[in-house]
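The exercises below are to be worked with the model open in a viewer. Each one states a task and is followed by a solution in steps.

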Amino acid sequence: MYAEIILPLPLRGTFTYAVPAGSEADMQTGSRVLVQFGKKKYYTGIVDRMHSDDPGYEVKPIMALLDPRPITRYPQLRLWKWISEYYLAPLGEVFKAAVPSGLKPESDTFVSLNEDFGTPEGVKLTERQALVVMLLEERKRMRVSEIESELKVKDATGIISRLLDAGIVNIDEKIVEKYHARKETYIELNALRGDHETLHGFFDMTRRSRQQEKTLIAYLDLSGWMSPNGKLRDVTRQELIKTVGITPGILKALVDKGVMRQEKRTINRFNGRQEGHSAPSPLSAAQQTALGEIRSGFRDKQTVMLHGVTGSGKTEIYSHLIASALHDGNQVLYLVPEISLTTQLTDRLRTVLGGRLLVYHSKFSDSERVDIWKRLLSGNEPLVVLGARSSVFLPFAHLGLVIVDEEHESSFKQFDPAPRYNARDTAMMLATMHGAKVLLGSATPSVETYYKALNGKYGLVTLSERYEGSVLPDVEIVDMRDQRKKKLNTGILSSRLVSEIRKSLENNRQAIIFQNRRGFAPVVVCRQCGWIPKCENCDVSLVYHKFSNLLKCHYCGFSHNLPSICPACGQNSIDIFGYGTERIAEEVHQVFPDSRVSRMDLDTTRNKDSHQEIIEEFARHDTDILVGTQMVTKGLDFGDVRVAAVVNADTLLSFPDFRSNERAFNMLEQVSGRAGRRKEKGTVIIQTTDPSNPVLEFVRRHSYREYYDREITEREKYRYPPFTKVINIYLRNKDSAAADRAAARYSVLLRSIFGNRVLGPVKPFVSRVALWYIQSFMLKIEANASMKKVKELLEMIYSQAAAMPEMKSTQVYYDVDPA
Ligand code: ADP
Ligand code: ZN
Ligand code: ZN
């Protein structure tokens, strides 16, 4: 028997290994195995399929089957393959991204003697096997590589796997180190339930210690031992000690006397059994209508788009749909674009869903992620997973509903590292595999989605009023050139913004200020000689961070101190310009010294709970003004926010990309959505030097439809999605000239097949990142063309090119459906 194994490496396809005799029965698709790959490396792989086609060459044996049952489910593997094919990413990279690293021990495999086995007398060992046993008796635990060097063999896999089969050694996988199971100690009575005679004996034994007697009684009470029916409840040591108020010594005495016994058990952190204690809120009439329309849309369409203005209560509608999906025994995936959103939603949903709500995202520790994974794997119970991007990879059993909130968000698209997948589209594919329904929600649907909805491919439900008659905020566009001319601004804050914030603070209200740039100042320059500090690895200038007093590269993390004198001309003449969130927070604080300002961006949310703390503080109104990057714009719901502001819309409006308008409109409309979410009307201030930009007018009128109509016309005219499919092709090389040559060569090959559908090569906006020189092409393919064929052609071009000298050391990767 052979098995095709998926390895967590950036390699195409699967690899063939021999299945050790005897384990055929236990190994199956989805099983996790340990295999050797390359000379010295050991990896955890996943069995893709088992077969008996001799590959015709010597294959290595699988070293160990790591679990009695598969750790993935069949639809998952299908999804991995779909991602690999659709996004042109190696299957191994999909596996790497999909499975938490606690489930993927790599290398450093340790071998030790199996203690249960005892001294291996009577078993015939080869000389080498005997040597390994001897070494292990001496050293207890050895790396495979150490054994190899002791035996002076290149490859000890065969020897070790035979010892393993014979039960003489154990392999201890790195999982022991990476995944920390949580253990809990339980107390049990040493008497069967109903055995009152023994119990009387126990009371006699504890008669002389009041504390011990109390403990015994408390146990009987907590566990329900005395009641004739119902299940015996598990009692933890912790709980017992706390309830009686005893010292651990008392418990130990009872254990020593044989009255009780302790047992350590591994528990899953997420096996909470508590039920939700409240029903979803009753819906308003408009929401009720929308819910009805969604339900009837699901009758003949798999996917429905819910276009609801900000504050219309989409979340409440989701809650109702979730409740019915759970009621039907189904699982639900609720995708959100931003971790900060899970924070607020968790609180809102927990009351309804209790322990059936699981939250999954990258801020969780790996062990916690493994526990969620295992919880999903262990049963088929109805559950809801609320999560960011990577939750599409979880082992759902029977998904009934997928909700993608803020479906327009470009952060659903992963860019680095591969696989460059869009979690929204991947979730839709996952839903198809499970036969589940999909609800896409947004106040500003993506152009592609809305186009499909208007054309009947998706159902379309519109909710155009905010909940409980609160109204959309007034949007005011402030011309910063004019402000500067008239000297009305205080630093970066216009007089209009200052007065609106002041009014809001005076009325004990809050403000949110958005700037899409972190750090203190993005521009550092010598006013004498023009020197600008650049990153050593990337083609970007460094951003000044005041708190750490460092210049940092936002692409690769490179940093160094801010020089006090210019390293080029030696003058004391370094200036800083521009505004990042750090500087805005400081300036706001200077203008409003009595206000409490907080900041939310990548720099302030590196710790696991910092998102939550910042959001909770603001929600409790312990802070008055929240300054932040896009993290503050998405879906957050705070009742007291009267002012939302965009410090500088220019960078949003002028980004050189076909999605520029779309991104700008979405972002600005989402920012406005944070203001005036309760009865009071809010105000939105957008500062710009380009006030006549039509996008701003659409935002001012909150007119999604006008924006969409203009945008779709442009897309059609210039042949962009949804009228074409776009694939960006990237080439990179650490040598600049080699990158140029490779791009020239690739250009010829691409054009010979795709003709004028090819644009480029161009150097991207940042043309060197982390030492790589990058060149890119854009491929625009007719929307009705076979993408499968296109991808085959791309593969063909790649293999043709790979042989050419120009392509040496050049890496090629793709971004399908760039966001
Ligand atoms: P959206 O996601 O559409 O922007 P939310 O779901 O955040 O809107 O709702 C806005 C606010 O209105 C929230 O504070 C929410 O709790 C409240 N709300 C909406 N619908 C209801 C309802 N049916 N009952 C009670 N509160 C509601
Ligand atoms: Zn850099
Ligand atoms: Zn200088």
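**Exercise 1.** Locate Arg518 among the secondary-structure elements, decide whether Arg518 is buried or exposed, and find the polar contact of its side chain.

Solution. Step 1: Arg518 sits in the loop between strand E20 (510-514) and strand E21 (523-526). Helices (H or I, at least four residues) and strands (E, at least two) are DSSP runs, numbered from the N terminus. The model is a predicted one, in which local features need pLDDT of at least 70 and side-chain atom pairs pLDDT 80 or more, while totals for chains, interfaces and linings use all residues. Residues are numbered from 1 along each chain as its sequence is written, chains are lettered from A and ligands numbered from 1 in the order in which they are written, and side-chain values use heavy atoms, leaving out hydrogens and water.

Step 1: Arg518 has 14% relative accessibility and therefore counts as buried. Buried means under 20% relative accessible area, exposed over 50%, and partly exposed in between (1.4 Å probe, protein chains only).

Step 2: the side chain of Arg518 makes a polar contact of 2.9 Å with the side chain of Asp603. A polar contact is a pair of N or O atoms within 3.5 Å; within protein, one must be able to donate a hydrogen and the other to accept it, and residues adjacent in sequence count only if both atoms are side-chain atoms.

Step 3: not counting residues up to four places away in sequence, Arg518 touches a set of residues including Val543, His554, Asp601 and Arg606. Contact here means heavy atoms within 4.5 Å.

**Exercise 2.** List the protein donors of the zinc ion (ligand 2) and find the arrangement of its four donor atoms.

Solution. Donors are N, O and S atoms within 2.8 Å of the metal (3.2 Å for Na, K and Ca); water is not among the atoms, so sites may look incomplete.

Step 1: the angles subtended by the four donor atoms are 103 to 113°, so the arrangement is tetrahedral. Four donors count as tetrahedral if all angles lie between 85 and 135 degrees. The ideal angle for four tetrahedral donors is 109.5 degrees.

Step 2: along the chain the donors follow the spacing C-x2-C-x14-C-x2-C. Cys535 is buried at 7% relative accessibility, and Cys538 is buried at 2%.

**Exercise 3.** Describe the site of the zinc ion (ligand 3), and state which parts of the chain Cys529 and Cys566 tie together.

Solution. The site is tetrahedral, with angles of 108 to 114° among the four donor atoms.

Step 1: the donor residues are spaced C-x2-C-x36-C-x2-C in sequence. Cys529 lies in the loop between E21 and strand E22 (543-545) and Cys566 in the loop between strand E24 (559-561) and strand E25 (574-577), so the pair ties together parts 37 residues apart in sequence.

Step 2: Cys529 counts as partly exposed at 42% relative accessibility, whereas Cys566 counts as buried at 1%.

**Exercise 4.** Which residues come nearest to ligand 1, and how much of its accessible area does the protein cover?

Solution. Step 1: of the 17 residues around ligand 1, Pro282, Gln287, Gly311, Thr315 and Asp637 come nearest. A residue is near a molecule if one of its heavy atoms lies within 4 Å of it. Helix H12 (residues 314-327) gives the most to this shell, with three residues.

Step 1: a backbone N or O atom of Pro282 lies 2.8 Å from a nitrogen atom of ligand 1. A polar side-chain atom of Gln287 is also 2.8 Å from a nitrogen atom of ligand 1, and one of Arg348 is 3.3 Å from an oxygen atom of ligand 1.

Step 2: on its own, ligand 1 has 550 Å² of accessible area, of which the protein covers 87%. Accessible areas come from the Shrake-Rupley method with a 1.4 Å probe; for residues, only the protein chains shown count as cover.

**Exercise 5.** Explain why helix H2 (residues 91-98) counts as largely enclosed.

Solution. Step 1: six of the eight residues of H2 are buried, so the helix is largely enclosed by the rest of the structure. The buried residues are Leu91, Gly92, Glu93, Val94, Phe95 and Ala98.

Step 1: these buried residues pack against strand E1 (2-6), strand E4 (41-51), helix H1 (74-86) and helix H14 (366-378).

Definitions and conventions:
Tetrahedral: all angles 85-135°; square planar, octahedral: opposite > 155°, others 65-115°.
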